[in-house]
Amino acid sequence: MTHSLKITLQASAVLLASVFTTACNRADDPGVEYAPEMYYSIPYEPLKQESANKVNPMGLNMRTPAIGTVPRGKLNYFTHIGKDSIGIAEKVLNEPFAYTKANLAEGQTLYTRNCQHCHGEQGDGQGPVGVKFKGVPNYSTGAYKTMNEGHIYHVIQWGKGRMMPHGSQVNPEERWKIAMYVRVLQLGKGPDGLTDFLASKGASATDTAQTTEPLNQSPVGEAQAGKASTTPAQGDKARNGTAN
């Protein structure tokens, strides 16, 4: 090995050692990154705060909506009753739909899809999830036996205790029809209580005539019952990618 080659190798070793030593000085320095686009998103991120906003308070781009603000296109999802005001919901919200076999059948279908996994087919809290985690109420016992539709509607929308809100999953019309079917389960007879429930409202299971409570002759404006899905029991058509 020639003398010049030895000098070159020694100099390279010293240089490489100095690079490694320098790179290890800062724990927060990632050093040279290979393909940084793999780690940092190139597309525009609308919620990312690039710099202080000179117009909005606190320099934030996103401002907190004014109290009572309703997102565009979401009016029918709000009753303007606070989520902790179940007592008010019980008093001011009334079932706007007639007690018919068709409405109850639709309520049963919606209940099966959205509620039965916890509350059980019989409404006794013995659904697969309820059995595992316990504490799911039985609709036919205690205070649950006398809950009215306004109470049930409000809990469906906002949730209560360990039950999460379902207001974004079922529209107002669907909530009312689920609440109507829960009244059937309050009889403690499961789905078989439908006939007795209709009879208590002055109709039979084969009667197509509509039966309504005296106070519930028309849709309740606060619940936006008349602005429900055009495809009941199926939800509104998805509008992904649109402003409203």
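A: A definition to start: helices (H or I, at least four residues) and strands (E, at least two) are DSSP runs, numbered from the N terminus. From the N terminus on, the elements here run α-α-α-α-α-α-α-α. The model is predicted: local features need pLDDT of at least 70, side-chain atom pairs count only at pLDDT 80 or more, and totals for chains, interfaces and linings use all residues. Residues are numbered from 1 along each chain as its sequence is written, and side-chain values use heavy atoms, with hydrogens and water left out.

Q: How many helices and strands are in the chain?
A: The chain has 8 helices and 0 strands.

Q: What share of the residues counts as buried?
A: Of 244 residues, 32% are buried. Buried means under 20% relative accessible area, exposed over 50%, partly exposed in between (1.4 Å probe, protein chains only).

Q: What about the largest pocket: what is its volume?
A: About 740 Å³. A pocket is an open set of points on a 1 Å grid over the protein atoms alone, where a 1.4 Å probe fits, with protein on both sides within 12 Å along at least five of seven lines. Grid points are joined across faces, edges and corners, and the volume is the space filled by probe spheres set on the points.

Q: Which residues lie nearest its centre?
A: His119, Pro137, Val155, Lys160 and Met163, out of 31 lining residues. A lining residue has an atom within 4 Å of a point.

Q: Which helices supply at least two residues of that lining?
A: α4 (116-119), α5 (128-133), α6 (149-158) and α7 (172-185) each do. The largest share, 4 residues, comes from α6.

Q: How does the lining divide by residue type?
A: Into 18 nonpolar, 9 polar and 4 charged. Ala, Val, Leu, Ile, Met, Phe, Trp, Tyr, Cys and Pro count as nonpolar, Asp, Glu, Lys and Arg as charged, and the others, Gly among them, as polar.

Q: Back to α6. How many of its residues are buried?
A: 9 of its 10, so α6 is mostly covered. Among the buried ones are His151, Tyr153, His154 and Val155. The cover includes α2 and α7.

Q: Now packing. At what angle do α3 and α7 pack?
A: About 95 degrees, with the axes 7 Å apart. Axes are lines fitted to C-alpha atoms, for helices over the stretch in contact, and angles run from 0 to 180 degrees between N-to-C directions. The two helices are therefore roughly perpendicular, a label for 65 to 115 degrees.

Q: Which residues make the contact?
A: On α3, they include Asn103, Leu104, Gln108 and Tyr111; on α7, they include Glu173, Lys177, Tyr181 and Leu185. Contact means heavy atoms within 4.5 Å. The residues of the contact divide into 9 nonpolar, 3 polar and 4 charged.

Q: And Asn114: buried or exposed?
A: Asn114 lies in α3 and counts as buried, at 18% relative accessibility. Leaving out residues up to four places away in sequence, Asn114 touches His166, Gln169 and Val170.

Q: Switching to backbone. What is the phi of Met58?
A: Positive, about 65 degrees, although Met58 is not a glycine. Met58 is found in the loop between α1 (3-23) and α2 (86-92). At 77% relative accessibility, Met58 counts as exposed.

Q: And what is the phi of Lys134?
A: Also positive, about 65 degrees, and Lys134 is not a glycine. Lys134 sits in the loop between α5 and α6. Lys134 is exposed, at a relative accessible area of 53%.

Definitions and conventions:
Parallel < 35°, antiparallel > 145°, perpendicular 65-115°, else oblique.
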